[in-house]
Amino acid sequence: MDLSNLTIKKTRELLDSKKVSVKELVDYYLGRIEETSDLNIFIETYSDLNDQIEKAQQKINDGEASDLTGIPIAIKDNILIKGKKTSAASKVLEDYVGTYDATVISKLKEHSPILLGRVNMDEFAMGGSTENSSYGVTKNPIDPERVPGGSSGGSAAAIAADLCVFALGSDTGGSIRQPASFCGVTGLKPTYGSVSRHGLMAMGSSLDVIGPITKNTEDAEIVFNIIKGQDPKDSTTINDKSSDENKEVKKIGVPRDFLKEGVDKDILENFEKSLDKLKEQGYEIVDLEMPDLAYSLAVYYVIMPAEVSSNMARYDGVKYGKKVEGEDLIGDYFKTRGQLLGSEVRRRIILGTYVLSAGYSDEYYNKAWQVRNLIKQEFDKAFEKVDIVALPTSPTPAFKIGEKEDPVSMYLADIFTVSANLAGVPAISIPGGTVSSENNSGEKVDLPTGLQLIAPHSKEDKLFQVGKKNETE
Amino acid sequence: MNKEEIKKIADLARLEISDEESEKMAGEIDSILGYIDQIKSAEISDQGAESRIENASVRNVMREDSEPHKVSENTKVLIDEVPDSQDDLVKVKKILNN
């Protein structure tokens with residue numbers, strides 16, 4: 001039987017009708033993982049798969065299956081699973097074993113899915129290419145000379161290479177949407193606070209959110225509805241009020257001034273084609289003026305490193321992870337952090353410490369928060385006029401491994417994604433056509449691009465509405 | 001930024017950093033700050049200048065301090081992850097000299 005590119009619904013049908021067993025399904029994915037091991041997507045597949053398979057199959061046989069029973073899933077290496085190694089792709093946590101289940105994992109486990117293993121990422125989710133992993137770079141399944149994006153590069157590549165049904169990632173400034181766009185799959189960054197971060201290794205606490213990377217919009221919706229919800233263990237979680245209205249989306253706004261510089265020409269052409277398609281589907285496309293969006297990336301690169309510098313303080317060689325011995329206690333701190341944290345992580349700690357230091361915090365950190373509020377207000381105003389704001393997900397398609405050496409050029413890949421994190425609003429990246437390129441041997445490759453849709457707080461249903469329509473028409 | 005400034009910041013952040021790396025990092029941080037500096041030109045109205053807390057939609061959430069864990073309920077699993085321990089205690093080097 002052809003098991004390629006299964007969605008959640010299709011897999012559910014096959015499992016429930018006994019056309020395929022959980023074991024056959026898992027064996028298919030393990031075979032795929034083996035065949036594609038050169039792409040370096042999985043860090044590890046788990047050793048207790050047989051137990052998981054048995055439990056799920058029993059549930060199916062007993063007629064007690066729910067949405068995700070027996071569905072194989074990949075988990076980003078920064079989400080804790082009790083008893084399983086979780087390293088955030090960092091040397092400092094190389095042998096760390098999760099001491100409890102993250103809330104999202106507990107919610108998934110209620111269904112008895114198959115947690116296949118953990119997938120690669122940029123160290124502590126800091127990066128846009130998965131090149132900053134202590135396990136080495138993940139290659140893009142579409143063109144292995146290129147990066148899969150990041151930081152959830154392993155999660156997106158696992159979907160593009162068909163190594164599981166869906167994957168979880170985390171998004172602080174675009175880490176779900178940008179790799180989804182580079183790999184030609186769907187990635188949802190939910191509303192800030194809609195999904196518990198209990199058990200997610202913190203990076204930028206006012207920005208981080210967990211979300212699904214999937215084969216289509218419907219799957220993203222199914223997973224979101226399972227993992228969302230208020231959690232006493234994460235006091236930033238909110239009561240979800242999304243599903244009680246479900247109004248029809250009519251107007252989609254485009255902040256055109258924001259697209260004038262720094263975007264590849266063919267990305268813009270694709271974006272226009274996507275807008276034309278939306279128009280044909282009956283949506284009204286209107287121009288928006290959102291001048292403060294231009295500050296998004298600069299604001300992000302103040303607030304995020306500030307929060308990073310604080311969140312990374314816990315990796316001191318005392319409480320968990322690895323330790324490098326120094327002469328005295330403070331020497332342990334210096335050596336452990338200096339030698340076991342990677343260069344991008346250290347760069348962000350230094351930048352964050354600087355923008356928070358006496359004499360500079362007004363100029364940088366406090367000012368960045370004021371501008372962040374302007375951006376938030378700008379979205380509020382935009383959503384008085386339109387239901388959804390559309391942007392390209394990334395200004396370029398996937399770039400080549402090693403191509404972006406200086407930090408600023410790497411950071412610019414986030415230019416269209418960070419604003420949704422700053423405003424806390426939900427956003428989805430869906431496939432938005434391909435652009436032609438060549439690989440090193442001169443062969444033509446079609447590289448995927450992403451269309452990003454952004455909705456008001458807790459209005460994920462609007463994203464799903466447009467995404468699903470776009471896929472079927 | 002120069003090498004010495006980077007060293008000073010790294011010191012505050014408890015990061016060991018080599019001369020070579022601080023030299024390289026000084027250039028990188030300079031170029032990042034060059035990009036970030038554009039926020040200085042953003043115009044903030046009187047309303048926008050309010051403290052960030054005023055505008056935050058998510059506020060502190062409190063709970064009763066009750067139902068504590070049983071003593072030692074989680075000790076073993078947590079101590080297993082500690083790099084250096086002794087008798088269920090976290091072990092660190094002494095910080096006071098005799």
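These legends describe views of a predicted model.

**View 1. Chain A as a whole.**
Chain A contains 15 helices and 11 strands. Its C-alpha trace spans about 65 × 65 × 55 Å along the principal axes. For 473 residues, a compact globule would have a radius of gyration near 23 Å, and the 21 Å of chain A agrees with that. Of the 473 residues in chain A, 66% are buried. Take the contacts in chain A with a separation of 6 or more: residues 24 or more positions apart account for 75% of them. Chain A exposes about 16,500 Å². Carbon and sulfur atoms supply 45% of that area.

**View 2. Helices α2 and α3 of chain A.**
Two packed helices are described by the angle between their axes and the distance between the axes. Here the pair is α2(A), residues 22-35, and α3(A), residues 49-61. Their axes lie 9 Å apart, and the packing angle is about 140°. The two helices are therefore oblique to each other. From α2(A), the contact takes in Val22(A), Lys23(A), Val26(A) and Leu30(A). From α3(A) come Leu49(A), Ile53(A), Ala56(A), Gln57(A) and Ile60(A). By class, the contact of α2(A) with α3(A) has seven nonpolar residues, one polar and one charged.

**View 3. Helices α1 and α2 of chain B.**
This close-up turns to chain B, with helix α1(B) at residues 3-12 and helix α2(B) at residues 19-36. Their axes come within 8 Å and cross at roughly 100°. On the α1(B) side, the contact is made by Lys3(B), Ile6(B) and Lys7(B). On the α2(B) side, Asp19(B), Ser22(B), Glu23(B), Met25(B), Ala26(B) and Ile29(B) take part. The residues of the contact of α1(B) with α2(B) divide into four nonpolar, one polar and four charged.

**View 4. Arg14(B) in the loop between the two helices.**
Arg14(B) sits in the loop between α1 and α2 of chain B. Its phi is positive, about 55°, although Arg14(B) is not a glycine. Arg14(B) has 34% relative accessibility, so it counts as partly exposed.

**View 5. Ser458(A), another residue with positive phi.**
In chain A, Ser458(A) has a phi of about 60°. That value is positive, although Ser458(A) is not a glycine. The residue belongs to the loop between β11 (444-454) and α15 (460-472) of chain A. Ser458(A) has a relative accessible area of 10%, so it is buried.

The bond to look for runs from Gly150(A) to Ser151(A). This peptide bond is cis, with omega near 10°. Ser151(A) is found in the loop between β3 (114-119) and α5 (153-160) of chain A.

**View 6. Asn216(A) and its contacts.**
Asn216(A) lies in a loop of chain A, between β6 (209-214) and α7 (217-227). With 15% relative accessibility, Asn216(A) counts as buried, because the cut-off is under 20%. Which residues is Asn216(A) in contact with, leaving aside its neighbours within four places in sequence? They are Thr7(A), Thr186(A) and Glu471(A).

Terms used. Residues are numbered from 1 along each chain as its sequence is written. Chains are lettered from A and ligands numbered from 1 in the order in which they are written. This is a predicted model: local features need pLDDT of at least 70, side-chain atom pairs count only at pLDDT 80 or more; totals for chains, interfaces and linings use all residues. Side-chain values use heavy atoms; hydrogens and water are left out. Axes are lines fitted to C-alpha atoms, for helices over the stretch in contact, and angles run from 0 to 180 degrees between N-to-C directions. Helices (H or I, at least four residues) and strands (E, at least two) are DSSP runs, numbered from the N terminus. Contact means heavy atoms within 4.5 Å. Ala, Val, Leu, Ile, Met, Phe, Trp, Tyr, Cys and Pro count as nonpolar, Asp, Glu, Lys and Arg as charged, and the others, Gly among them, as polar. Buried means under 20% relative accessible area, exposed over 50%, partly exposed in between (1.4 Å probe, protein chains only). The radius of gyration is taken over C-alpha atoms; the globule rule is 2.2 Å times the number of residues to the power 0.38. Accessible areas come from the Shrake-Rupley method with a 1.4 Å probe; for residues, only the protein chains shown count as cover. Angles under 35 degrees count as roughly parallel, over 145 as roughly antiparallel, 65 to 115 as roughly perpendicular and the rest as oblique.
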